[in-house]
Every structure is written in C-alpha cells, then in structure tokens.
Amino acid sequence: MKKKYNISPVYNREKFILRFIKSIQNQYFFNIEIIFVDDNSSDNSAKLIKQYIHKDKRILLIKNNKNRGTFKARNIGVLYSKGKYVIIPDPDDIISNNILSTCYFYAEKYQYDFIRFNTYLGNGKVNCDNFAKNHEDRPIYQPELSTHIYYGNKELDIIDYYITNKFIKKQIYIKALNSLNNFYFNIYMTFMEDSLMNYLIYRVANSFYFINIVGYRYFKNSASITTKLFIISDLKIKYIFYYLKFIFENTKNTKYEKDMVNYLFTFLTRGFAIKTKLSSLVLNNDEFSFYENIFNMYINCKFISNDNKKILKKLKSLIKKSN
C-alpha cells in the first residue's frame with residue numbers, strides 16, 4: 001500500500017515555490033503525494049505549480065475559491081490526502097532530503113503516532129525557539145505526553161508550538177480535528193493555528209519520538225502572514241484569544257485546570273504589547289461580546305486571586321464598542 005504525505009497551504013508564494021518543490025522532489029523517499037492547497041492566491045503561485053504537475057504526477061493542486069486562512073487550508077489538504085502519514089511544511093521553507101525516509105522508518109518500526117525533528121534558520125544558525133533546540137533522541141508515551149503539555153514545555157523543551165516540524169499519522173491528525181467543535185473548525189485563522197493543533201495532537205496521541213536531526217530549514221520571510229500579523233494588531237489579538245478560549249474551555253474541570261489558568265493569565269498579562277493592542281480595538285457588538293465573555297471566564301474562575309481579578313477587569317475595560 002502506498003504511503004503518501006505532504007500537504008502545503010499556498011498563498012502568494014511565487015518567489016519561493018520552486019525552491020520548495022525541489023526540496024520535496026529531492027527526498028530519498030520517492031513514494032509520496034505532494035498536495036498544494038492554493039488559498040486563492042493573487043500571484044503566479046498556482047500557475048508555477050501547474051507547470052510542475054505535468055513533470056511530476058505526484059503533485060496535486062487544490063484551489064480554494066476564496067481565501068480560507070492557513071488553518072483551514074491545511075486541514076483541507078489533510079482531509080484530501082490518501083496516505084498513512086502527513087507532513088505540513090510551509091512553501092517558503094525547505095525540508096531535508098532524508099527527513100521523510102527517516103521519519104517513516106521510526107514511525108513504521110515502532111508505531112509512533114508522530115515524529116518531531118529539529119528546525120534551523122535558513123542562514124544555518126540554530127533557531128532560539130523551543131522547536132529548534134537539540135535533544136537526545138527519545139520516545140515519550142502517555143500519560144507523560146499529556147503531562148508535558150502542561151508542565152514540561154519550559155523545563156524540558158519537549159513541547160513546542162509548531163506543526164511544520166512534525167511527521168504525523170493521518171488518523172491522529174483527524175482525531176485531533178474531530179475533537180474541535182464547529183466554532184474552532186470553521187474559524188478563519190492564520191496565527192496561533194500551530195499552537196492550537198499542537199495542543200490537540202499532543203493530547204490525542206499515544207506516543208511520539210523526538211529525533212535529533214535537522215529536518216526543516218526555516219527562512220524568515222518579511223511578506224509572510226505571521227510577520228504581517230505583528231503589525232495587524234486586531235487580527236493577531238483575535239487569534240490569541242481564540243487560542244486562550246480553547247485551552248481554558250478544554251482544561252476546565254481537569255487536574256490541570258489550576259496550573260493552566262495561571263499559565264494563561266501570565267500569557268495574557270505578561271506584555272505591554274497585548275495591553276496596547278487591546279486598547280486600540282474598536283469592536284462591533286458580536287466582537288465585543290466575544291472578548292468580554294473570555295475575560296468573564298477568567299474573572300469568574302475560582303483559581304484567579306482577587307488581585308489578579310482586578311488586573312483582568314482593567315484589561316477588560318480597554319475593549320470598546322464601536323458607535
């Protein structure tokens with residue numbers, strides 16, 4: 001049976017798409033399906049991909065009739081795929097020639113639900129984020145895996161917040177998607193979507209293996225959605241609040257609730273930037289209710305101290321309705 005696994009959402013990436021395609025075609029593992037989900041690009045990305053389809057029958061192009069965002073584009077590609085495993089790189093980056101064959105070997109031999117590998121910056125330097133630090137090869141199983149979601153990410157750097165450095169069983173990815181309710185499944189999301197899916201995958205998987213090899217090379221791109229969102233404050237804040245809402249709701253009434261409430265409170269209040277961006281939002285009634293309800297969830301939580309409730313109320317007062 002064929003094992004196929006490469007999904008990449010594409011939105012206005014004509015400058016990088018050929019470099020990316022070559023990195024996929026140069027894999028030592030040949031038996032792959034290369035799925036591009038064109039998210040209604042306005043440049044020549046789809047045209048360039050079509051040129052390669054005639055040369056490489058493994059390439060498939062799915063075109064969205066409107067821009068649906070990175071989160072939905074990725075999920076469309078996964079649902080369309082036919083193989084046992086998926087890997088979801090961004091089209092402005094490249095993957096190492098041996099990464100698919102290496103991950104496939106470990107996943108098949110030991111039946112791990114997903115494999116995580118190292119990521120490096122395009123200039124050859126080690127990225128300082130958690131997802132690029134070196135570790136010894138090691139497997140992790142449940143319940144330790146779930147415990148690391150809540151306690152291990154800072155101390156052990158085991159948990160990261162990226163989807164591009166994962167080789168995942170498709171059934172695990174689908175199981176993670178199925179645990180989303182309709183609100184999260186249908187939202188337009190181009191920031192924090194990696195964090196959301198990682199939380200789900202770490203929670204539903206039974207095992208994963210960290211392999212200490214460079215499998216992914218990340219290139220900083222000033223035109224990327226993520227980079228732009230640091231400027232477009234209202235979108236970035238909305239995606240952060242989607243993430244906060246989901247984690248809060250899905251940790252409630254569990255043994256991790258107190259720890260995650262404290263973590264999320266720190267996440268929400270740690271920086272001046274969030275405070276500044278909140279104060280700049282001008283919201284319609286529905287948007288105002290969305291933010292207000294999330295603040296109320298935290299303010300009414302039994303694990304939030306009275307002092308912290310005052311801080312949250314001050315933050316809540318920053319959001320404003322439009323006239």
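This is a predicted model: local features need pLDDT of at least 70, side-chain atom pairs count only at pLDDT 80 or more; totals for chains, interfaces and linings use all residues.

I begin with Met192, which is buried because its relative accessible area is 14%, under the 20% limit for that class. Met192 sits in the loop between α7 (182–186) and α8 (193–204). Its phi is near 75°, a positive value in a residue other than glycine.

Gln111 belongs to the loop between α4 and β6 (114–121). Is Gln111 buried or exposed, or does it fall in between? With 38% relative accessibility, Gln111 counts as partly exposed.

I turn now to the salt bridges. How many salt bridges are there? The count comes to ten. In general terms, side chains of opposite charge can pair when their charged atoms come close.

One of these pairs is Arg74 with Asp90, whose side chains meet at 3.4 Å, N to O. Arg74 lies in helix α3 (residues 70–80), while Asp90 lies in the loop between β4 (85–87) and β5 (94–95), so the bridge ties together parts that are 16 residues apart in sequence. Arg74 is buried, at a relative accessible area of 4%, whereas Asp90 is partly exposed, at 22%.

A second pair is Lys84 with Glu108, with the closest N and O atoms 2.7 Å apart. Here Lys84 is in the loop between α3 and β4, and Glu108 is in helix α4 (residues 99–110), so parts 24 residues apart in sequence are tied together. Lys84 is partly exposed, with a relative accessible area of 28%, and Glu108 is partly exposed as well, with 25%.

Glu249 is partly exposed, with a relative accessible area of 33%, while Lys245 is buried, with 17%. Beyond individual pairs, salt bridges that share partners connect Arg74, Asp90, Glu193 and Asp194 in one network.

Let me return to the helix that holds Arg74. Why can α3 be called largely enclosed by the rest of the structure? Eight of its eleven residues are buried, so the description applies. The buried residues of α3 include Thr70, Phe71, Lys72 and Ala73. Arg74, Asn75, Gly77 and Val78 are buried in this helix too.

Next, the cysteines. Cys103 is buried, with a relative accessible area of 1%, and Cys301 is buried, with 5%. The number of disulfides is zero.

Finally, the surface. Which residues form a positive surface patch? Lys275, Lys310, Lys313 and Lys314 do. Helix α14 (residues 306–316) supplies the largest share of this patch, three residues. Lys275 is found in helix α12 (residues 272–280).

I thank you for your attention.

Notes:
Residues are numbered from 1 along each chain as its sequence is written. Side-chain values use heavy atoms; hydrogens and water are left out. Patches are made of residues with over 30% relative accessible area and no salt bridge: like charges are joined within 9 Å, nonpolar side chains (Val, Leu, Ile, Met, Phe, Trp, Tyr) within 5 Å. Accessible areas come from the Shrake-Rupley method with a 1.4 Å probe; for residues, only the protein chains shown count as cover. A salt bridge is a side-chain nitrogen of Lys or Arg within 4 Å of a carboxyl oxygen of Asp or Glu. Lys and Arg count as positive and Asp and Glu as negative; His and the chain ends are not counted. The place of a charge is taken as NZ of Lys, CZ of Arg, CG of Asp or CD of Glu. Helices (H or I, at least four residues) and strands (E, at least two) are DSSP runs, numbered from the N terminus. Buried means under 20% relative accessible area, exposed over 50%, partly exposed in between (1.4 Å probe, protein chains only). A disulfide is a pair of cysteine sulfur atoms within 2.5 Å.
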